[in-house]
Amino acid sequence: MPSAVSEIFLDFVSLVYPRYCFACADGLVKGEDIICTKCIHDLPRTGYHLERENPLYKRLFGRIPLHSAFAFLMFNKGGSVQKLMHEFKYNNHREIGYVIGRVYGEELTKSGFSDQFDMILPVPLHPEKHRRRGYNQSEKFAKGLEEKLSAPCKAEILQRLVKTDTQTKKTKLKRWENVKQVFAVQNPEEIQGRRILLVDDVITTGATIEACALALINSGCGQLSVCSMAYAAE
Ligand SMILES: [Zn+2]
């Protein structure tokens, strides 16, 4: 279909089946996807990538050899980011991660991060959980970042070996024991000396990130940075 015709067709489709912003329920216009421009603009950003010793960096510092750490959004209980993350993880709105990843990737690129990493590795789900949910939310976010940063997303390198229980009601120590040696690196030669961006959806205690990071460092990764969609300060 010639593009002018297909555009008219798509305009017609959105007239008949209007698409709505998932956050504010206003109609989406051409070029908007899932979330409207205003809602993207209003998301509570951390700005951590502009400040090396930010709260997330400080939280992880001393636990793992870390080059940099940043998170896009501030997780606010009962707020817009919690709603967004809930839709993203539990209501099958997998596109949210991709859209947010692209927005953050664009902002990181503008701040000079586009050639800082050799590869992007999402925190993996256990294969059984992955099958049940149908997607790995961290991988969706990583795919959005990949589109803007010049580094490939490699979802197969990190593997989750052990199925962990829901971590919400556990103490910090128990959580840590729970994730220790849960991750393994497939094809360690691929990460030798490489600058890796490890990507998660939400970071709270950092225990999962710490366990992934140790697996990567023990397998010879050259430099490790961490990036999440949201950061929940405890
Ligand atoms: Zn909106």
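Mentor: Let's settle one term before we start: contact means heavy atoms within 4.5 Å. This is a predicted model, where local features need pLDDT of at least 70 and side-chain atom pairs count only at pLDDT 80 or more, while totals for chains, interfaces and linings use all residues. Residues are numbered from 1 along each chain as its sequence is written, and side-chain values use heavy atoms, leaving out hydrogens and water.

Trainee: Thanks! How many helices and strands does the protein have?

Mentor: Both come from DSSP runs numbered from the N terminus: helices are H or I with at least four residues, and strands are E with at least two. On that basis the protein has 9 helices and 6 strands.

Trainee: Is S228 buried or exposed?

Mentor: S228 is found in strand β6, residues 223–231. Buried means under 20% relative accessible area, exposed over 50%, and partly exposed in between, using a 1.4 Å probe and protein chains only. The relative accessible area of S228 is 0%, so this residue is buried.

Trainee: Which residues is S228 in contact with?

Mentor: Here we leave aside its neighbours within four places in sequence. The contacts of S228 are then F70, A71, F72, Y104, F141, D200, D201 and I203.

Trainee: How many disulfides does a search of the whole structure find?

Mentor: The test is a pair of cysteine sulfur atoms within 2.5 Å. Still, the number of disulfides found is 0.

Trainee: On to aromatics: are the rings of F70 and F117 stacked or tilted?

Mentor: Rings of Phe, Tyr and Trp (its six-membered ring) pair if their centres lie within 6.5 Å, and planes under 30 degrees apart are stacked, over 60 edge-to-face, and the rest tilted. The count by this rule is 7 aromatic pairs. For F70 and F117, the centres are 6.5 Å apart and the planes at 50°, so the pair is tilted.

Trainee: How many residues apart are F70 and F117?

Mentor: This pair links distant parts of the chain. F70 sits in strand β1 (residues 68–74) and F117 in the loop between α5 (95–110) and β2 (119–122), which puts them 47 residues apart.

Trainee: And are the rings of F113 and F117 stacked or tilted?

Mentor: F117 is buried, with a relative accessible area of 5%. The ring centres of F113 and F117 lie 6.5 Å apart with the planes at 15°, so the pair is stacked.

Trainee: Where do the buried residues of helix α7 fall, seen down its axis?

Mentor: The buried residues of α7 (residues 137–148) are Q137, S138, F141, A142, G144 and L145. Taking the directions from the helix axis to the C-beta atoms, they fall within an arc of 155°, so they line one face of the helix.

Trainee: Last one: which residues is H126 in contact with?

Mentor: H126 is found in the loop between β2 and α6. At 15% relative accessibility, H126 counts as buried. Apart from neighbours within four places in sequence, its contacts are R160, L161, V162 and K163.
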